[in-house]
Amino acid sequence: MQCKEVEVVLEQHGFVPVPEAARTHLAGCRSCQGLVADLTAIVATAHLLPAEIEPPPRVWASLRAQLEEEGIIKDAAARGVWWQRFPELFRTRVLATAGVGLLIVAAVVLQVRPPASRPTEARNTYENYDDTSMTLSNDEAHLPSMQLAGISKVDVALRQNLDIVDKFIVDCEQRVKEQPGDELARDYLSGAYQQKAQLLSVMMEREGGVY
Amino acid sequence: MKWKMKAPGVVPVLAAGMLFGAAQAPAAPQHFERHFAVNGRPVVVIQNVANGRIEVKSWKNSEVVVAASQASNKISIDTEQAGARIDVTATIADNAAPAGDLEANFQLTVPEETELQLRTQTGLVYVEQVMGDMTLQSVAGEIHLKEVSGYIVVRTTVGSLVCTQCAGKLDFNSISGNAQVLQPGLTSVTLFTMTGNILYDGDFIRTGIYTMKSGKGTVEVHFSGNDSFDLKAQTATGTVDNQAEAYLKPDSHGVRHMASKFTKGLFGTVGSGLAKVELSSYSGTIRILKRD
């Protein structure tokens, strides 16, 4: 047995006690003996560490007061209407692009979700798609008017392709709604959301003059 | 060493413009050329906000030559070298300029082993005989690659890809662009287009993995009699046109594939099934045939 194989055996079977298969090698290998010694020390030290402690409520209260005093967070009354200012955030290109970036990530997460095996899971998946679809539509509604009115070849192409993506999404959403177990349709729907997010990002960047 | 320059030729043109009241006159085309000595494998980055083509060819010299022509002085071209990295950026100096004035074409000559990052709006991107990883982005321009190798990433909105005798790995993503892969030596292929068509005409390298997907378009594969691959073809509402029944056998690896009840599928093996080929189309046609 080689050192690498010993590592694999220890990883798979643990080292208390040392598996039979690795003992002979360990007896004559200083490097592997050192490895087992290190692992033993790490585990022993880990056992000595205290369990995670929940900070007392007064710590949170003090922290909140400090943050409010410094103007980093607003008081409760102001917090109640934060969502009304959400569209304003998207008027700046950087935030808009960042928002689209987040949507891309969300879409990727949706794509890597395991296939729904039970009706409830399928329903949940569809609800997640619903959220993504709505968020993307909101972003589309906030596209800069300059982009929507542009007459250049690129602007026209982007708008036409946004329309293509929207129609494809409607088609796939309908299919997924009717056949929640259709993995292929879900796969294409995820891909379409990603493409829409990327397209919106390109359109917003163009308006911002990044190109 | 890092330095920056503005395209020469701008100043004389501006001066001439002031002398002769050029505010009313049509913009004059301009041309510039820069040479960059490099060691080893350079990385060339072009960001072209304007319209126009980018052409890249290789030579055996350790030098990158950037030649650019622009339709007017409404575009500003900056170049910068930092070690082996060469950046070329074209930006619009006057947003109100007519579209015809916003055109900049680039011609690059690079060492054979060069990494590329090219981004443009419209106009052809053409790369020939370059070895190195490359990322090529275009909204509406076509992308033509000939005898290139490396990890090739292509992103377009409308633009199509034609990849002839490419080697290495290819990743293409587009909304309505087509993809044609001809006589490839690629070990990994990922093609996705929403409404475009896909054509793969060439050999499948043993151990290679090939994924080709089109939402509404056709996915067509032409393989050779010597090929060896496992095939999985699926469509949700489209059709599978199998013109290679004589070559397609049941899977030889003991794994029994079945299409789900929601899709139409075709599974089989050609030869010993060494490569893996996955084709799908949401509502288009998947066509498999053997080359003559």
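## Confidence in chain A

The mean pLDDT of chain A is 70, and 56% of its residues score at least 70. Among the elements of chain A, the highest mean, 90, belongs to helix α10 of chain A (residues 153-178). The lowest, 47, belongs to helix α5 of chain A (residues 76-79).

Helix α5 of chain A, residues 76-79, falls in a stretch, residues 76-86 of chain A, where pLDDT stays under 50. The model gives residues 76-86 of chain A 1 contact beyond four places in sequence. Residues 88-92 of chain A also have a pLDDT below 50, with 5 contacts beyond near neighbours in sequence. Where pLDDT is low, the predicted coordinates should not be read in detail.

## Contact between the chains

Chain A contributes 23 residues to the contact and chain B contributes 21 residues. On the side of chain A that touches chain B, α10 and α11 (183-208) of chain A each supply at least two residues. The residues on this side of chain A comprise 13 nonpolar, 6 polar and 4 charged.

## Nonpolar cores

In soluble globular proteins, nonpolar side chains tend to be buried together. In this model the largest nonpolar core contains 64 residues. B:F106, B:V127, B:L170 and B:M212 have the most contacts inside this core. Beyond its neighbours within four places in sequence, B:F106 is in contact with B:I46, B:N48, B:I54, B:E55, B:V66, B:A68 and B:V88.

Notes: Residues numbered from 1 in each chain as written. Chains lettered and ligands numbered in written order. Predicted model: local features only at pLDDT ≥ 70, side-chain atom pairs only at ≥ 80, totals over all residues. pLDDT = per-residue confidence, 0-100. Helix = DSSP H or I, 4+ residues; strand = E, 2+ residues; numbered from the N terminus. Contact = placed C-beta atoms within 7 Å. Nonpolar A, V, L, I, M, F, W, Y, C, P; charged D, E, K, R; others polar. Core = buried A, V, L, I, M, F, W, Y, C linked by C-beta atoms within 7 Å. Buried ≥ 20, exposed ≤ 12 C-beta atoms within 10 Å, placed from the backbone.
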